[in-house]
Amino acid sequence: MSPSGDTGPIRRLSVLSTGSVRIRPEHGHRTWRPLPVWLLTSRRWTPPLPINVFVIEHDRGLVLFDTGQDRRSVTDADYYPGGLAGVVYHRLAEFAIGKDETLPARLRSYGYQPDEVSHVVVSHLHQDHMGSVLDVPNAELLVSRTEWELVRRVGAEANGYLRRHIEAAAERWRPFDFQPAGADVAPFGQAMDLFGDGSLVLLPTPGHTPGSISLLVRRPGADPILLVGDLTFDAPHFGPDHLPGIGSLRDLRASTGLVEALRARLPGLAICAAHDPAAAGSFRAAVDAAG
Ligand SMILES: [Zn+2]
């Protein structure tokens, strides 16, 4: 709470995980080995990592940042495409999602009904971020226009875009354009203020994918939080020397630099990633610190 007693429009913040995922170590931490090489030859998996969904109860609605992975991906044999694209998905990640770890089950454990979710913001359109959009049937689905346009590209499925599952919610997707940003989020030059009140501001952070975005969460008198999706898998070591193994190196470096500069201007900024084991703890610490 701020000294004036103003608590702002955000009432409650929570984090949940739709099961867990093991990835190749080279995926979380970039090495000299090119992606096609490690993807097809790596024999190692990381320990299970979270698949985080952030839940924001705002005066204007119930907002999710990402939706996590669909349990059908581990129960339905035809969830993934066949052929080479199917091989890529199976080599890339190994999911474990129990019956009580689905998005609806996890939302209910926090006292929310899935049909109460009014807005979903996806960091990007990979399966473990948009996978459960059908589980929140009343939500508008916000995605950056750059990301949305990748879905229809030739070869999209082999690049991580499960077109059939994305398009299953077709009429609810709302691709948006960024606007010139205010000085309060400098050095970012573009932003999208979700409700126009400064509490939830979307920022372009391309790198992992060309249309990847982050969400800046601000409350009066509390440390700000930046939800970064897959910009990092290891926020405690966030920086240009610890970049993930998937995406444009140039863009990852540029976005990481912008976030570092933002953090220098916003002391106490908590950086929370989708698959970072430290994310839930740092998110809850930032939430609790507000009192
Ligand atoms: Zn991704």
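By class, three nonpolar, six polar and one charged residues line the largest cavity of this structure, which is a predicted model. The volume of this cavity is about 40 Å³. A search of the whole structure finds one cavity of 30 Å³ or more. Its lining is made up of Ser123, His124, Thr205, His208, Ser212, Ile213, Val228, Gly229, Asp230 and Leu231.

The zinc ion is coordinated by four residues: His124 through NE2, His126 through ND1, His208 through NE2 and Asp230 through OD. The distances run from 2.1 to 2.6 Å. Along the chain, the donors follow the spacing H-x1-H-x81-H-x21-D. His124 sits in the loop between β5 (117-121) and α6 (127-130), and His208 in the loop between β10 (200-204) and β11 (213-217), so this pair ties together parts that are 84 residues apart in sequence. Both histidines, His124 and His208, are buried.

The geometry of the site was then examined. The four donor atoms subtend angles of 85 to 175° around the zinc ion, and the arrangement is therefore irregular. A tetrahedral assignment would need all angles to lie between 85 and 135 degrees. For four tetrahedral donors, the ideal angle at a metal is 109.5 degrees.

Asp230 and His275 are joined through their side chains by a polar contact of 3.4 Å. His275 is placed in the loop between β13 (270-273) and α10 (279-289). With a relative accessible area of 3%, His275 is buried. A polar atom of the His275 side chain also lies 2.9 Å from the backbone oxygen of Pro50.

His58 lies in strand β2, which spans residues 49-58. Its relative accessible area is 3%, so His58 counts as buried. Its side chain makes a polar contact of 2.8 Å with the side chain of Asp197. Another polar contact, of 3.1 Å, links the side chains of His58 and Ser199.

The largest pocket has a volume of about 560 Å³. It is lined by 30 residues, and those closest to its centre are Leu92, His126, Asn159, Gly160 and Ile246. Two or more lining residues come from each of β1 (10-23), α2 (35-41), α4 (83-92), β4 (93-96) and α6. Of the elements, α4 gives the most, with three residues. The lining has 17 nonpolar, nine polar and four charged residues by class. His126 is one of the residues closest to the pocket centre, and His126 also coordinates the zinc ion through ND1.

Two backbone features were noted. Most residues other than glycine have a negative phi, and most peptide bonds are trans. The peptide bond from Ala186 to Pro187 is cis, with omega near 10°. Pro187 lies in the loop between β8 (179-180) and β9 (190-193). Asp66, a residue other than glycine, has a positive phi near 70°. Asp66 is in the loop between β3 (61-65) and α3 (72-75). Its relative accessibility is 1%, so Asp66 counts as buried.

Leu62 lies in strand β3 and is buried, with a relative accessible area of 5%. Leu62 and Ile10 are 52 residues apart in sequence, while their C-alpha atoms are 9.8 Å apart. Ala222 lies in the loop between β11 and β12 (225-229). At 15% relative accessibility, Ala222 is buried, because the cut-off for buried is under 20%. Ala222 and Asp193 are 29 residues apart in sequence and 19 Å apart from C-alpha to C-alpha.

Terms used:
Residues numbered from 1 in each chain as written. Predicted model: local features only at pLDDT ≥ 70, side-chain atom pairs only at ≥ 80, totals over all residues. Heavy atoms only, no water. Donors = N, O, S within 2.8 Å, 3.2 Å for Na, K, Ca; no water. Tetrahedral: all angles 85-135°; square planar, octahedral: opposite > 155°, others 65-115°. Helix = DSSP H or I, 4+ residues; strand = E, 2+ residues; numbered from the N terminus. Buried < 20%, exposed > 50% of the residue type's maximum accessible area, 1.4 Å probe, protein only. 1 Å grid on protein atoms, 1.4 Å probe; cavity = no way out; pocket = protein on both sides within 12 Å on 5 of 7 lines; lining within 4 Å. Points joined across faces, edges and corners; volume = space filled by probe spheres on them. Nonpolar A, V, L, I, M, F, W, Y, C, P; charged D, E, K, R; others polar. Polar contact = N/O pair within 3.5 Å; in protein donor to acceptor, adjacent residues only side chain to side chain.
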